[in-house]
Amino acid sequence: MTSNKRPDTMERITTPQQAEAFIEEQLKELREQIGDKKVLLALSGGVDSSVVAALLIKAVGKQLTCVHVNHGLLRKGEPEQVIKVFGEELGANLIYVDAVDRFLDKLAGVDDPETKRHIIGEEFIKVFAEEAAKLDGIQFLGQGTIYPDILESEAGIKAHHNVGGLPEELNFELVEPVKLLYKDEVRVVGKALGLPDSMVYRQPFPGPGLGVRCVGAITRDRLEAVRESDAILREEFAKAGLAGKVWQYFTVVPDFKSTGITDGKRTYAWPVVIRAINTTDVVEVTVEHLDPALIDRLVQRITTEVKGVNRVLFDYTPKPPATVEWE
Ligand code: XMP
């Protein structure tokens, strides 16, 4: 096990050359650590787990098994991208678990934000542990732990288990090749490994996914409204050159309705709330002020393309007093 302390002499990885050197060194260390044994990895499609997967595929190929759990709360196109990049292009041993019904059934009628998070976290561990139990001879568990996770965990801010704390009895040894890297370095390494930009420069996305943006008790139709409006927002931000510039942007669909008119008929439908923010540390957050033409386009597209929506609102509240997510 390597140390959890980043050496003072370690240079910040900012160039492709530095990334290549890091990759070479890690491949050597991973091969030494793993030998001919098997590794399991929960692959969410986020930057950190994707980079760990790409490193492990290079280092030990089919000795790695990736498990991608679709809990139904992922953004539009994400499970498909994981399957395409890792299953098809990189030829990984990939187990795709469609757990959508399982999660949404468990969450039905649950409106308390903490309880929702708890259910999502707990169910994720159960699904993952079930998949692990079906496999023989796994000795290692890959994790996308990064250096801020270690620092925050040491400071007592949060536990740094990316997988949410797997049952101890699974008895895995951890493989954490990016644990001494900062997020920006993980991205440089991901780029050097040939991962697509949409994965490498992905904005932060909470573990409970769209679940915390479908405010209150999640219903499938309102969850679709979150997913579809989020996809439109991402598309329009990309067209406007804002993708990669604005730190985080997403839509929220609260569980209340208001009246409206579509094709001369009265509607009673949900609003979509748009939130776009900038920050460096996520402790304090400022709001991105949107161009009026972009606002008009978003209102037009979302109210016509997203089912069950008749109004678009903009959340211009900094943090504090508001948190980034609504739940
Ligand atoms: P808040 O809402 O606490 O969010 O101001 C700060 C940042 O953290 C993200 N976030 C999460 N990330 N698991 C995560 O991995 C979570 O449960 C979670 N909750 C919030 C949020 O998207 C924002 O970037």
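This is a predicted model: local features need pLDDT of at least 70, side-chain atom pairs count only at pLDDT 80 or more; totals for chains, interfaces and linings use all residues.
Trainee: Which residues surround the ligand, and how do they divide into nonpolar, polar and charged?

Mentor: The surrounding residues are Arg117, Pro206, Gly207, Pro208, Trp247, Gln248, Val282, Lys319, Thr323, Val324 and Glu325, and they divide into five nonpolar, three polar and three charged.

Trainee: Why is the pair of aspartate 184 and arginine 12 called a salt bridge?

Mentor: The closest N and O atoms of aspartate 184 and arginine 12 are 2.8 Å apart, and since the cut-off is 4 Å, the pair counts as a salt bridge. Aspartate 184 lies in helix α7 (residues 183-192) and arginine 12 in the segment before α1 (16-34), so the pair ties together parts that are 172 residues apart in sequence. By this rule the count comes to 26 salt bridges.

Trainee: How do you know whether aspartate 48 is buried or exposed?

Mentor: Aspartate 48 has a relative accessibility of 13%, and because buried means under 20%, aspartate 48 is buried. Lysine 183, with a relative accessible area of 31%, is partly exposed. The side chains of aspartate 48 and lysine 183 meet in a salt bridge at 3.1 Å, N to O; aspartate 48 lies in helix α2 (residues 47-60) and lysine 183 in helix α7, so this pair ties together parts 135 residues apart in sequence.

Trainee: What makes arginine 301 and glutamate 236 count as buried?

Mentor: Arginine 301 has a relative accessible area of 15% and glutamate 236 a relative accessibility of 1%, so both values fall under the 20% cut-off and both residues count as buried. Their side chains meet in a salt bridge at 2.8 Å, N to O, with arginine 301 in helix α10 (residues 292-305) and glutamate 236 in helix α9 (residues 220-239). Salt bridges that share partners join Glu235, Glu236, Lys239, Arg297, Arg301 and Glu305 into one network.

Technical notes: Residues are numbered from 1 along each chain as its sequence is written. Side-chain values use heavy atoms; hydrogens and water are left out. Helices (H or I, at least four residues) and strands (E, at least two) are DSSP runs, numbered from the N terminus. Buried means under 20% relative accessible area, exposed over 50%, partly exposed in between (1.4 Å probe, protein chains only). A residue is near a molecule or strand if one of its heavy atoms lies within 4 Å of it. Ala, Val, Leu, Ile, Met, Phe, Trp, Tyr, Cys and Pro count as nonpolar, Asp, Glu, Lys and Arg as charged, and the others, Gly among them, as polar.
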